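User: Could you walk me through how to read a few features of a protein model? I would like the general idea each time, and then the case at hand.

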Amino acid sequence: MTERAQRALRLGTRRSKLAMAQSGHVAEAVRQLTGRPVELVEITTYGDTSREHLAQIGGTGVFVTALRDALLAGEVDFAVHSLKDLPTAQPAELVLAAIPRREDPRDVLVARDGLTFEQLPAGARVGTGSPRRMAQLNAYARGHGMRIETVPIRGNVDTRIGYVRNGELDAVVLAAAGLNRIGRGDEVTDFLSVDTVLPAPGQGALAIECTAADTDLAAALAGLDDPHTRAAVTAERSLLAALEAGCSAPVGALADLLADGQVVHEMRLRGVVGTTDGSTLVQLSTTGPVPTSHGDAVALGRELASEMLAKGAAGLMGERAL
């Protein structure tokens, strides 16, 4: 064996419990695929150290930049990201070598006393750090005669669930995938239907990134890629990119495959954009053939975004701040 084949691959990961769990799963899959040892290299990102709300520190990218810098500096060989954290523009010198099969994309409720969303008492305090979740939860509450107060929170899963356990909040909203990956899925008290709350674009999916120059590694990692997941999240992220250009309102999106028996024949893409108080939502969907290329998936997202912008999505948050 060559020295390169023997050398451990260095996987860059954030230090959070969730990131370490995700990266551990990927490391094991890469070991099995390549026969090479994989070591985790922990990297602290700005999003991990800042106590500000994500919306204030720039949202997307805050968890990603340090990992990408380490890749470009040659300190790690590849990195694992939660796909929803990735900015929509992909740097030319890096490649998304694999997008493995997606976990459950839904949002979930962890509430006191085992309550579901419908069972929350009037005036219930519901914590989330996501304007996207706030917009949809508030819209649903308005439409169903419920009174809730959405409370902005930050922190890891322990911190967020802690607000419910200590009585500060009645419930928090989290991603199903994250709880499943750290083995805490049994704490969920309600799965929020995607008809009620559309997830963040790419939610539940991981992205495995390496440098474009490392073609051997990129080719090896491609063995972990799930084409259907890649097509779905590409469409969702294309929708997000097109909306980001024209509006700064929070965006939810989900592409799912429509099967006729065992045969998958179409992809449906749903998108939502709204004001955080839930007073206005623009929600549309489109259905087309399953994309067979990156370009097809991008086109599906762009097409739905232009329809949403035409329906008033751009005006929801006033002028876009430059």
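This is a predicted model: local features need pLDDT of at least 70, side-chain atom pairs count only at pLDDT 80 or more; totals for chains, interfaces and linings use all residues.

User: Let's start with H2. What span does helix H2 reach from its first C-alpha to its last?

Analyst: Helices (H or I, at least four residues) and strands (E, at least two) are DSSP runs numbered from the N terminus. The expected span of a helix is 1.5 Å times one less than its number of residues. Helix H2, residues 17–34, has 18 residues and reaches 25 Å, close to the 26 Å expected. After H2 comes Gly35, with a positive phi near 75°.

User: Which residues of H2 are buried, and which are exposed on the other side?

Analyst: Buried means under 20% relative accessible area, exposed over 50%, and partly exposed in between, with a 1.4 Å probe and protein chains only. In H2 the buried residues are Ala19, Gln22, Ser23, Val26, Ala27 and Val30. They sit on the same side of H2 because they cover an arc of only 140° around the axis, taken from the directions from the helix axis to the C-beta atoms. Lys17, His25 and Gln32 are exposed on the other side of H2.

User: What covers the buried residues of H2?

Analyst: The cover includes strands E1 (9–13), E2 (38–42), E3 (78–82) and E10 (206–211), along with helices H7 (176–181) and H8 (215–221).

User: How many residues of H5 are buried?

Analyst: Ten of the 13 residues of H5 are buried, so this helix is largely enclosed by the rest of the structure. Among them are Arg132, Arg133, Leu137 and Tyr140. Helix H5 covers residues 131–143 and reaches 18 Å, close to the 18 Å expected.

User: Now the second largest pocket: what volume does it have, and which residues lie nearest its centre?

Analyst: On a 1 Å grid over the protein atoms alone, a pocket is an open set of points with protein on both sides within 12 Å along at least five of seven lines, and lining residues have an atom within 4 Å of a point. Here the volume is about 460 Å³, and of the 21 lining residues, Val233, Thr234, Arg237, His294 and Val298 lie nearest the centre. Helices H9 (227–246) and H10 (294–310) are the elements that give two or more residues to this lining. H9 supplies the largest share, nine residues.

User: Which residues does Leu192 touch?

Analyst: Contact means heavy atoms within 4.5 Å. Leaving out residues up to four places away in sequence, Leu192 touches several residues, including Arg106, Phe117, Leu137 and Val197. Leu192 lies in strand E9 (residues 190–192) and is buried, at 4% relative accessible area. Leu192 and Arg106 are 86 residues apart in sequence and 6.5 Å apart in space, C-alpha to C-alpha.

User: Is Leu300 buried or exposed?

Analyst: Leu300 counts as buried, at 8% relative accessibility. Leu300 is placed in helix H10 and touches Ala235, Met267, Leu269, Thr286 and Pro291, with residues up to four places away in sequence not counted.

User: And what phi does Asp113 have?

Analyst: Asp113 has a positive phi of about 55° although it is not a glycine. Asp113 is found in the loop between strands E5 (107–111) and E6 (124–127), and is exposed at 65% relative accessible area.

Notes: Residues are numbered from 1 along each chain as its sequence is written. Side-chain values use heavy atoms; hydrogens and water are left out. On a 1 Å grid over the protein atoms alone, a cavity is a set of points where a 1.4 Å probe fits but cannot get out, and a pocket is an open set with protein on both sides within 12 Å along at least five of seven lines; lining residues have an atom within 4 Å of a point. Grid points are joined across faces, edges and corners, and a volume is the space filled by probe spheres set on the points.
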